[in-house]
Amino acid sequence: MRSFPALLACVVLCAASVAWADSRVFIIANQADGYGVDQCLAKGEKCGAHAARSYCQSRDFAQASSYRRVDPDEITGSVPKAAESCGHARCSEYVAITCQR
């Protein structure tokens, strides 16, 4: 009977650690929208924290643990280079936002 409370405590701790460790990295195109938010995110500046947190919350995550610019070469898989239809110089720039539950 003494082992049951210990087992229960172990299960609760394991479940809590799994829930905390739930994170995901989102790779999004760095859109030059004229508001400067894209540069805040891409440079990892403090002004991008609100945009990153809002992005995570819109996908049912609690917070953004980090955000930064990513080179297309860092992304696994096929990411096209600047397309001919692109109207600005930042078409091949991406931002990585790490969200946590």
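The largest nonpolar core of this predicted model has 12 residues: Phe-26, Ile-28, Leu-41, Ala-42, Ala-52, Tyr-55, Cys-56, Phe-61, Tyr-67, Val-95, Ile-97 and Cys-99. Four elements each contribute at least two residues to this core, namely strand E1 (23-29), helix H2 (37-43), helix H3 (49-57) and strand E3 (94-100).

Of the 101 residues in the chain, 24% are buried. When contacts between residues at least 6 apart in sequence are considered, 72% of them join residues at least 24 apart. The accessible surface of the chain comes to about 7,200 Å², and carbon and sulfur atoms account for 57% of that surface.

A search of the whole structure finds two aromatic pairs. Phe-26 and Tyr-55 form an edge-to-face pair, with 5.6 Å between the ring centres and 75° between the planes. Because Phe-26 lies in strand E1 and Tyr-55 in helix H3, this pair ties together parts that are 29 residues apart in sequence. Both Phe-26 and Tyr-55 are buried. Phe-26 also forms an edge-to-face pair with Phe-61, at 5.8 Å centre to centre and 85° between the planes. This second pair links distant parts of the chain, since Phe-26 is in strand E1 and Phe-61 is in the loop between H3 and strand E2 (63-70), 35 residues apart. The relative accessible area is 10% for Phe-26 and 6% for Phe-61; with the limit for burial set at under 20%, Phe-26 therefore counts as buried, and Phe-61 therefore does too.

Arg-59 is placed over the face of Tyr-55, at 3.8 Å from the ring centre. Arg-101 lies over the face of Phe-61, at 4.0 Å from the ring centre.

Arg-101 also takes part in one of the three salt bridges that the structure holds. Its partner is Asp-22, and the closest N and O atoms are 2.6 Å apart. This pair links distant parts of the chain: Asp-22 is in the loop between helix H1 (3-20) and E1, whereas Arg-101 is in the segment after E3, 79 residues apart. Asp-22 is partly exposed, at 30% relative accessible area, and Arg-101 is likewise partly exposed, at 41%.

Another salt bridge joins the side chains of Glu-74 and Arg-68, with an N to O distance of 3.3 Å. Glu-74 is partly exposed at 44%, and Arg-68 is partly exposed at 41%. Arg-69 forms a salt bridge with Asp-71, the closest N and O atoms being 2.8 Å apart. Arg-69 has a relative accessible area of 35% and Asp-71 one of 32%.

Strand E1 also holds Arg-24, which is partly exposed at 48% relative accessibility. Leaving aside its neighbours within four places in sequence, Arg-24 is in contact with Phe-61, Ile-97, Thr-98 and Cys-99. The C-alpha atoms of Arg-24 and Ala-64 are separated by 9.6 Å, although these residues are 40 residues apart along the chain.

How values were computed: Residues are numbered from 1 along each chain as its sequence is written. This is a predicted model: local features need pLDDT of at least 70, side-chain atom pairs count only at pLDDT 80 or more; totals for chains, interfaces and linings use all residues. Side-chain values use heavy atoms; hydrogens and water are left out. A nonpolar core is a set of buried Ala, Val, Leu, Ile, Met, Phe, Trp, Tyr and Cys residues joined through side-chain atoms within 4.5 Å. Buried means under 20% relative accessible area, exposed over 50%, partly exposed in between (1.4 Å probe, protein chains only). Contact means heavy atoms within 4.5 Å. Accessible areas come from the Shrake-Rupley method with a 1.4 Å probe; for residues, only the protein chains shown count as cover. A salt bridge is a side-chain nitrogen of Lys or Arg within 4 Å of a carboxyl oxygen of Asp or Glu. Rings of Phe, Tyr and Trp (its six-membered ring) pair if their centres lie within 6.5 Å; planes under 30 degrees apart count as stacked, over 60 as edge-to-face and the rest as tilted. A charge sits over a ring if NZ of Lys or CZ of Arg is within 6 Å of the ring centre and within 35 degrees of the ring normal.
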